[in-house]
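I opened this notebook to record what I looked up, entry by entry.

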Amino acid sequence: MFSFREFIKQGYLSAIGHQPDYWIILNAAGYADKGVLTMDDLAEIEAAINSRHETEEVTEIIAEE
């Protein structure tokens, strides 16, 4: 069965690294206001954004060495 919530959440998770973070955050918050995404969904999206930034920092440190 199709889940609109999962569809939207996966779209935002897939956009990380391809779209600006602020765009993902603002639009996901809009869907949370509409009751489509939950606070747990927003936390998952935030964790994925933070994880990407941590990976980028480690890559930059390794490249500098």
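Entry 1, a pair within one helix. I began with Glu-6 and Lys-9, which are three residues apart in helix α1, so about one helical turn separates them. The model is a predicted one. Glu-6 and Lys-9 form a salt bridge, and their closest N and O atoms are 3.3 Å apart. I then looked up accessibility. Glu-6 is partly exposed at 29% relative accessibility, whereas Lys-9 has 6%. Lys-9 counts as buried because its value falls under the 20% limit.

Which residue forms a salt bridge with Asp-41 at 2.7 Å between the closest N and O atoms? I noted Arg-5. Arg-5 lies in helix α1 and Asp-41 in helix α3 (residues 39-64), 36 residues apart. Arg-5 is partly exposed, with a relative accessible area of 31%, while Asp-41 is buried at 2%.

How many salt bridges does the structure hold? I wrote down five. Through shared partners, salt bridges join Arg-5, Glu-6, Lys-9, Asp-41 and Glu-44 into one network.

I turned to the aromatic pairs, of which the structure holds four. One of them is Phe-2 with Phe-7, with ring centres 5.6 Å apart. The planes of Phe-2 and Phe-7 stand at 55 degrees, so I logged the pair as tilted. Phe-2 is exposed, with a relative accessible area of 60%, and Phe-7 is exposed with 52%.

Entry 6, a ring pair between helices. Tyr-12 and Tyr-31 also form a tilted aromatic pair, 6.3 Å centre to centre and with 55 degrees between the planes. I placed Tyr-12 in helix α1 (residues 4-15) and Tyr-31 in helix α2 (residues 21-33), 19 residues apart. Tyr-12 is buried at 8% relative accessibility, whereas Tyr-31 is partly exposed at 23%.

Ring pairs link Tyr-31 with Phe-4, Tyr-12 and Trp-23 into a cluster. I also checked for a charge at this ring. The charged end of Lys-34 sits over the ring of Tyr-31, 5.2 Å from the ring centre.

How values were computed. Residues are numbered from 1 along each chain as its sequence is written. This is a predicted model: local features need pLDDT of at least 70, side-chain atom pairs count only at pLDDT 80 or more; totals for chains, interfaces and linings use all residues. Side-chain values use heavy atoms; hydrogens and water are left out. Rings of Phe, Tyr and Trp (its six-membered ring) pair if their centres lie within 6.5 Å; planes under 30 degrees apart count as stacked, over 60 as edge-to-face and the rest as tilted. Buried means under 20% relative accessible area, exposed over 50%, partly exposed in between (1.4 Å probe, protein chains only). Helices (H or I, at least four residues) and strands (E, at least two) are DSSP runs, numbered from the N terminus. A charge sits over a ring if NZ of Lys or CZ of Arg is within 6 Å of the ring centre and within 35 degrees of the ring normal. A salt bridge is a side-chain nitrogen of Lys or Arg within 4 Å of a carboxyl oxygen of Asp or Glu.
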